[in-house]
Amino acid sequence: MAKNTVEKTPVTLLGLGAMGTALARTWLAAGHPLTVWNRSPARATALAAEGAEVAASVTEAVAANTLVVVCLLDDASVAEALAGTDLAGKDLVNLTTSTPAQARARAEWAIERGARYLDGGIMAVPPMIGVPEAGGYVFYSGSPELFERHQQTLGVPVGTTYVGEDAGFAALHDVALLSAMYGMFAGAAHAFALIRKEDIDPATLAPLLADWLVAMAPSVHQTADQLRSGDYTKGVVSNLGMQVAGTPTFLDTAAQQGVSPELLSPYFELMRRRLAEGSGEEDLTGVVDLLVR
């Protein structure tokens, strides 16, 4: 009886860091023939035991299959690894973290060398790979035909979300979401700092904080609606004037608790600038326009 692996798309994977290794194992577990390469060959040993073909060079790895997935440290690593490699006729999927400009330049670079190109932004950490219920996914942008051709294979390790033909859009969506995440982390850090010297168990604040952030998260839909319409007073519950008036309380509390206001002050300053330039009846959406140069 023929093995079902022959029915699965063969994959070449360049890069076996924590993320690359997790991707490799899910493709292998799903029966995809897999060729791997890593700068440090020792990382491929365990995967060889699990059924992966270990290429001695990037050239050998790329030549092995049409679908070539790259998951390296950065864009410079991609350029170095693929320098001089024949990419003609290859379906190159780049999951290396990059900027939108780097992704667009890498797409042009690949197409000039006869390859088809997809860029990806991974919205997951390695433990989420191969675990559908974890909710991770990858943003993809670039050739829509290429995405359609390989969506099933690319969706084996983690979900897929196509965001447009512009090769830079996956990276842009990736960084946009992660930027919001770090803003949330900053707010949480300030909140924990406020109680740090008090007889308050951080573990008792944590569920309250998590629930509050979840409750506030849907406000992004109103922000998007206001940006689309241009009406920043639409559906306002707590207007800009009222919120600016309340900022001294936050700064005074920080001072009284011996906490630096450096995570809050820049945002409060933008709020004050917007109030000076606009209307107190607006929402906080106008801050977005102040950030765009």
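In helix α11 (residues 265-277), the residues Phe-268, Leu-270, Met-271 and Arg-274 are buried, where buried means under 20% relative accessible area, exposed over 50%, and partly exposed in between, with a 1.4 Å probe and protein chains only. These residues cover an arc of only 155° around the axis, which places them on the same side of α11, the arc being that of the directions from the helix axis to the C-beta atoms. The face turned away from this buried side carries the exposed residues Ala-276 and Glu-277. Among the elements that cover the buried residues of α11 are α10 (240-256) and α12 (286-291); contact here means heavy atoms within 4.5 Å. The end C-alpha atoms of α11 are 18 Å apart, which agrees with the 18 Å that its 13 residues should span at 1.5 Å a residue, given that the expected span of a helix is 1.5 Å times one less than its number of residues.

The model is predicted, so that local features need pLDDT of at least 70 and side-chain atom pairs count only at pLDDT 80 or more, whereas totals for chains, interfaces and linings use all residues. Residues are numbered from 1 along each chain as its sequence is written, and side-chain values use heavy atoms, with hydrogens and water left out.

The protein contains twelve helices and eight strands, taken as DSSP runs (H or I of at least four residues for helices, E of at least two for strands) and numbered from the N terminus. Of its 293 residues, 39% count as buried, and the C-alpha atoms fill a box of roughly 70 × 45 × 35 Å along the principal axes. Among contacts with a separation of 6 or more, 59% are accounted for by residues 24 or more positions apart.

The eight strands form an open sheet with mixed pairing in the order β3-β2-β1-β4-β5-β6-β7-β8, two strands being paired if DSSP finds at least two bridges between them. Its edge strands, each pairing on one side only, are β3 (53-54) and β8 (159-162). Strand β7 (residues 137-142) pairs with β8 in the parallel sense over four bridges, and Thr-161 in β8 is the bridge partner of Phe-139. Helix α6 (residues 144-154) lies across β1, β4, β5, β6, β7 and β8 and runs at about 50° to β6, while helix α7 (residues 169-195) lies across β6 and β7 at about 10° to β6; axes are lines fitted to C-alpha atoms, for helices over the stretch in contact, and angles run from 0 to 180 degrees between N-to-C directions.

Aromatic rings of Phe, Tyr and Trp (its six-membered ring) pair if their centres lie within 6.5 Å, with planes under 30 degrees apart counted as stacked, over 60 as edge-to-face and the rest as tilted. By this rule, the count comes to five aromatic pairs. The rings of Tyr-182 and Phe-185 have centres 5.9 Å apart and planes at 85°, so this pair is edge-to-face. Tyr-182 and Phe-185 are three residues apart in helix α7 and thus separated by about one helical turn; Tyr-182 is exposed at a relative accessible area of 55%, whereas Phe-185 is partly exposed at 42%. The rings of Phe-250 and Phe-268 have centres 5.9 Å apart and planes at 50°, so that pair is tilted. This pair links distant parts of the chain, with Phe-250 in helix α10 and Phe-268 in helix α11, 18 residues apart. Phe-250 is partly exposed, with a relative accessible area of 47%, and Phe-268 is buried at 9%. Ring pairs also link Tyr-140, Phe-147 and Tyr-162 into a cluster.
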